[in-house]
Amino acid sequence: MTSACPLDCPDACSLDVQVEDGRLVSLQGNHKNPFTQGFICGKVRDIREHIEGPDRILTPLVRSGPKGSGQFRRAGWDEALDIVANTLGGIRHAHGGESILPFCYGGSNGYLTQGGVDARFFRRLGASRLLRTFCAAPSGRAATGLYGRMPGVALPDFVHSKLIVLWGMNPSSSGIHLVPIIKEARENGAKLVVVDPRRIPLARSADLHLPIRPGTDLPVALAIIRTLFEEGHANWDFLGKHTVEHEELRRRAAAWTLERAAGVAGINAGLLREFVDLYVATNPAVIRCGWGVERSRTGGSGTAAILAIPSVAGKFGVRGGGYTMSNSGAWKLDAAAQANEPETRTREVNMSQIGEALLNPQGPRIHALFVYNANPLATAPAQEKVRQGFLREDLFTVVHEQVMTDTAKLADVILPATTFLEHDEISRGYGGIVLHDSPATIARIGEARPNYEVFAELCRRMDLTKPGDPLDVRDLRHAVLHSDGHGGAREAQLRELGVAYPSVGPNPLPFVDSFPLTPDRKAHLCPPALDAEIPGGLYTYAPVAETPRYPLALISPASSQTISSTFGQLVKGPVPVEISPTDAATRKLRTGSRARLFNDHGEVQATVEVNPEIREGVLALPKGLWAKHTLNGRTANALVPDHVADLGGGACYNDARVEIEALPS
Ligand SMILES: Nc1nc2c(c(=O)[nH]1)N[C@H]1C(S)=C(S)[C@@H](COP(=O)(O)OP(=O)(O)OC[C@H]3O[C@@H](n4cnc5c(=O)[nH]c(N)nc54)[C@H](O)[C@@H]3O)O[C@H]1N2
Ligand SMILES: Nc1nc2c(c(=O)[nH]1)N[C@H]1C(S)=C(S)[C@@H](COP(=O)(O)OP(=O)(O)OC[C@H]3O[C@@H](n4cnc5c(=O)[nH]c(N)nc54)[C@H](O)[C@@H]3O)O[C@H]1N2
Ligand code: SF4
Ligand SMILES: [Mo]
């Protein structure tokens, strides 16, 4: 049988699933999605350990001990749903709908498991709305403001590039199907540049590596833009025809010489000069902008400035030229078509500040939290506040989950969730441009149920169902696939090819086949809407304070062993914090030492790994760790502040500034 991987990964692999008596035997990649080339990552190849493993939640569970004790008793679905419906009903009656908050993020990128029946339920409850900002909020705002989320260079088209720039993106972990494409391009003579505080695997053989300090992308990108303008390499023909506001961008970049930016970024100005010379001289040139850039105070402006570079230099219009960020803008499908209920105007809560919202709310106090598709104890900033918030005695917490996560352990009621092989799903890639329609392939484990069934049942129990609501999964699927008016052709394509493509096809050429989805179809290089969002305006650099007390920047990049925190239960601990040889020597740390990392937000105790691939002044502890992966049950997020980025209210995971010292042995 065939399926597709809907996890929060750009690639969206197509899969062959071997099943016996409803049980998964094995899983491998197939070629239905040509971009994923028939291979998949190790995590999903081994997904049976997740599906059938000892941490799987098999039945509903109701808390039987003190909050956070991890003591639960088994319950039937009827009893558990009655508790949820009655408690939510009571809270709504006593405190109003806005005292209830749904909490969901990247559990899967599927259209059937998020934003559909769940939206119907929470809209009709009058619940608070969640601002979904863990990821892609600043970069999404930047890409929308500048290019209206036009799809960028299709990843397979990187084979045509002669210069590939990986900027805050590490495909070897977080989007592996780009790696062979880069290899092929390089065999055809392409040069590779990496802009990353770490010497990522692809940087080892790159032509140029700019190991910039975290959070300094904005000055670096502005200095490149300034140099292009000042040295006669701006493409006025392209700028005049396809962009507006380029004069304003030029003005705002004017103060950033290569030397000044290099000073802020902590690199040799000669490296920046080499980059500009290579970029000017090489065509086609593509910048693959990753999500490492956006996760800091000026990450929105930083991403916007990076995305503006190919416009200034006029790099579009040829295959393999331009930029790629997220390609999800290629799709106009709407999960909310399943909701059959318009959006409400209730209070918004930024998920990246959930701890603060639970402890010191603006507006009505949150009395109930319904977590699904997320593991905030592992993934939200300000972990200490999040934990304190979840431990509030007067908070009612429901967690719908597949496995016993750190978050599930703090629930009052746990509901068992199916995995994507056990339920129907529609999903799309945000790297490769492709859509999958994948019915369940294996039998459900234990009493697990999919999101769309749980929320439909809760609607029924709370009298929130209306005539005309799509209820059956076939109707839900139909609502999504037809939500943009092209459903007929799409269904035909799915039948013929096993996948579907948007009307522009899988490899649209920016500024030839597709244009910015802005009202005038031009790129807006300093859009007023973004400008208004930032005190001081777009492209204002405001560095994170590096105090003598906390001189090190802690970053938390994606690891090849998990997808965010998904599959974390399978990762053996402890997971070490990586440190440069210089910083380790100053602090008398060696590989295997035990250390404490600390700042005013919290403390993490971890083992140490000295790593020459990491630049001085930077520590790395992967994102998605669980409590069990460190020595004191805290992870990088215990040190991450909960201030938000300049655009989109995004989390600033890479703004953690810390000190590290050896633990007494
Ligand atoms: N295996 C695996 N794959 C994944 C994921 C996963 O967790 N595991 N997560 C998925 C998700 S949700 C996402 S959003 C993507 C993320 O995938 P990526 O875009 O690759 O993002 P990160 O791993 O967060 O960071 C990428 C790189 O940015 C660098 N970096 C950190 N701070 C800065 C900075 O200030 N400037 C610059 N230039 N670089 C910086 C890091 O060292 C890292 O190498 O991957 C997806 N794919
Ligand atoms: N320190 C630090 N933290 C980070 C980041 C960072 O760079 N640094 N990156 C952030 C990024 S990029 C992202 S995208 C977020 C992701 O943060 P989260 O959205 O919390 O993602 P996951 O940790 O993958 O948790 C998803 C959970 O959903 C469950 N799940 C999967 N499918 C289903 C389903 O169909 N139904 C239900 N009910 N549950 C399901 C999975 O079992 C898993 O436990 O993390 C962020 N956290
Ligand atoms: S996580 Fe990414 S690489 Fe792994 S199977 Fe899913 S789509 Fe493919
Ligand atoms: Mo993400």
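Let's begin with a distance: the C-alpha centres of domain 1 and domain 2 are 39 Å apart. Hello everyone, and before I go on, please keep in mind that this is a predicted model.

The protein is divided into three pieces, and here are the bounds. Domain 1 covers 61-131 + 336-418 + 447-485, domain 2 covers 153-324 + 509-531, and domain 3 is 552-662. I'll keep coming back to those numbers when we look at the ligands.

Let's take ligand 1. Which residues come nearest to ligand 1? There are 34 residues around this ligand, and S174, D196, G215, D217 and T562 are the ones that come nearest. As for where ligand 1 sits, both domain 2 (153-324 + 509-531) and domain 3 (552-662) give residues to the shell, so ligand 1 lies between them. By class, that shell divides into 15 nonpolar, twelve polar and seven charged residues.

A polar backbone atom of N170 is 3.0 Å from an oxygen atom of the ligand. The side chain of R295 has an N or O atom 3.5 Å from an oxygen atom of ligand 1. And a backbone N or O atom of S564 is found 2.7 Å from a ligand 1 oxygen. On its own, ligand 1 has 900 Å² of accessible area, and the protein covers 98% of that.

On to ligand 2. Here 29 residues surround the ligand, and the closest are E401, N451, S556, S565 and T566. Which domains each give at least three residues to this shell? Those are domain 1 (61-131 + 336-418 + 447-485) and domain 3 (552-662). Sorted by class, the shell around ligand 2 has eight nonpolar, 17 polar and four charged residues.

E401 has a side-chain N or O atom 2.3 Å from an oxygen of ligand 2, and a polar backbone atom of G106 is 2.8 Å from a ligand 2 oxygen. Ligand 2 has 920 Å² of accessible area on its own, of which the protein covers 98%.

Ligand 3 has this set around it: C5, C9, A12, C13, I40, C41, V44, H177 and I563. How does that shell split by class? Eight residues are nonpolar, one is polar, and none is charged.

H524 is in strand β20, residues 523-524. Buried or exposed? H524 has a relative accessible area of 15%, and buried means under 20%, so H524 counts as buried. Beyond its neighbours within four places in sequence, H524 is in contact with G145, L146, V244, E245 and T518. Take L146 from that list: H524 and L146 are 378 residues apart in sequence, yet their C-alpha atoms are 4.6 Å apart in space. With E245, the H524 side chain makes a side-chain to side-chain polar contact of 3.3 Å.

The other one is R587, in the loop between α21 (581-586) and β23 (594-599). This arginine has 18% relative accessibility, which is under the 20% limit, so R587 is buried too. Not counting residues up to four places away in sequence, R587 touches P551, L552, E659 and I660.

Last stop: backbone geometry. Most residues other than glycine have a negative phi, and most peptide bonds are trans.

The bond joining N283 and P284 is cis, with omega about -15 degrees, and P284 is in the loop between α12 (269-281) and β12 (285-289). The peptide bond from G573 to P574 is cis as well, with omega near -10 degrees. You'll find P574 in the loop between β21 (552-555) and β22 (577-579).

For positive phi, look at R149, which is not a glycine and has a phi of about 55 degrees. R149 is in the loop between α5 (137-147) and β8 (163-167), and at 36% relative accessible area it is partly exposed. D463 is not a glycine either, and its phi is positive, about 60 degrees. This aspartate is in the loop between α17 (451-461) and α18 (473-481). Buried or exposed? D463 counts as exposed, at 71% relative accessibility.

Notes:
Residues numbered from 1 in each chain as written. Chains lettered and ligands numbered in written order. Predicted model: local features only at pLDDT ≥ 70, side-chain atom pairs only at ≥ 80, totals over all residues. Heavy atoms only, no water. Near = heavy atom within 4 Å. Polar contact = N/O pair within 3.5 Å; in protein donor to acceptor, adjacent residues only side chain to side chain. Areas by Shrake-Rupley, 256 points an atom, 1.4 Å probe, with all protein chains shown as cover. Nonpolar A, V, L, I, M, F, W, Y, C, P; charged D, E, K, R; others polar. Domains from an automatic or database assignment. Helix = DSSP H or I, 4+ residues; strand = E, 2+ residues; numbered from the N terminus. Buried < 20%, exposed > 50% of the residue type's maximum accessible area, 1.4 Å probe, protein only. Contact = heavy atoms within 4.5 Å.
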